[in-house]
Amino acid sequence: GQTVSPISIKNLEIKGNEATEFGGGIFISNHEGLGGVNDTNSSITATLENVTFTGNNTTSGDGGGLYVAQDSARTGGVDIEILECTFSSNSSSNNGGGAYFKSYSSLEITDTSFDSNTATLFGGGLMYIAENIVVPLTGCTFNGNTADTGGGVVTHGGTISIFTDCEFTSNSAIGGNEFGIG
């Protein structure tokens, strides 16, 4: 199998971009049909540090600021680390206004803020979906995010979330809570 060189994105502003479907700001995936790496065993490791996502959106998909997905048919994984990033005023016509993660191998989010993001359906600030994965979120803030369900965060699919020193303020959900579990 192929191991893609580690992706490292640091000290960057991603602002005012739009995608029809996935990842208005950045799209990361090992899914062949979505423009990812073309090897069924490919693995991706990505670190985003001090990256600001502002005013990005999707018009008919997930992940207004950032979209990360692992193709479930592949044996290679997608490992993601988010450090000291800001997701502000991003929007998604579906899920994950700030960021959306699906079927990854590992995800860790540290000292990151999700402010004033919107999603039409789930996870105004953040949505992540995976089976039996532990996701540590440390020192994160969720403020003023909006969605139909889970204004701040939505987690789904058996993900175990560990929130340490995180703050949730003024998030709103039309049909649910600021934090949703499904």
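Which backbone oxygen lies 2.8 Å from a polar atom of the side chain of Thr-58? The backbone oxygen of Gly-61 lies at that distance. The model is predicted: local features need pLDDT of at least 70, side-chain atom pairs count only at pLDDT 80 or more, and totals for chains, interfaces and linings use all residues. Residues are numbered from 1 along each chain as its sequence is written, and side-chain values use heavy atoms, with hydrogens and water left out.

Thr-58 sits in strand β5, residues 57–58. Strands here are DSSP runs of E of at least two residues, numbered from the N terminus. With a relative accessible area of 4%, Thr-58 is buried. Buried means under 20% relative accessible area, exposed over 50%, and partly exposed in between (1.4 Å probe, protein chains only). Leaving aside residues up to four places away in sequence, Thr-58 touches Ala-19, Thr-20, Glu-21, Phe-22, Gly-23, Gly-24, Gly-63, Gly-64, Ser-91, Ser-92 and Ser-93. Contact here means heavy atoms within 4.5 Å.

Aromatic pairs were examined next. A pair of aromatic rings is described by the distance of the centres and the angle of the planes. Rings of Phe, Tyr and Trp (its six-membered ring) pair if their centres lie within 6.5 Å; planes under 30 degrees apart count as stacked, over 60 as edge-to-face and the rest as tilted. The count by this rule is eight aromatic pairs. In one of them, the ring centres of Phe-53 and Phe-87 are 4.5 Å apart and the planes stand at 5°, so this pair is stacked. Phe-53 belongs to strand β4 (residues 44–54) and Phe-87 to strand β8 (residues 86–88), so the pair ties together parts 34 residues apart in sequence. Both Phe-53 and Phe-87 are buried.

Tyr-67 and Tyr-100 are also stacked, because their ring centres lie 5.4 Å apart with the planes at 10°. This pair links distant parts of the chain, 33 residues apart: Tyr-67 is in strand β6 (residues 66–69) and Tyr-100 in strand β10 (residues 99–102). Tyr-67 is buried at 4% relative accessibility. Tyr-100 is buried, with a relative accessible area of 4%.

One aromatic cluster is formed by Phe-53, Phe-87, Phe-114, Phe-142, Phe-163 and Phe-168.

The surface was considered last. Val-134 is located in strand β15, residues 134–138. At 46% relative accessibility, Val-134 is partly exposed.

How values were computed. Helix = DSSP H or I, 4+ residues; strand = E, 2+ residues; numbered from the N terminus. Polar contact = N/O pair within 3.5 Å; in protein donor to acceptor, adjacent residues only side chain to side chain.
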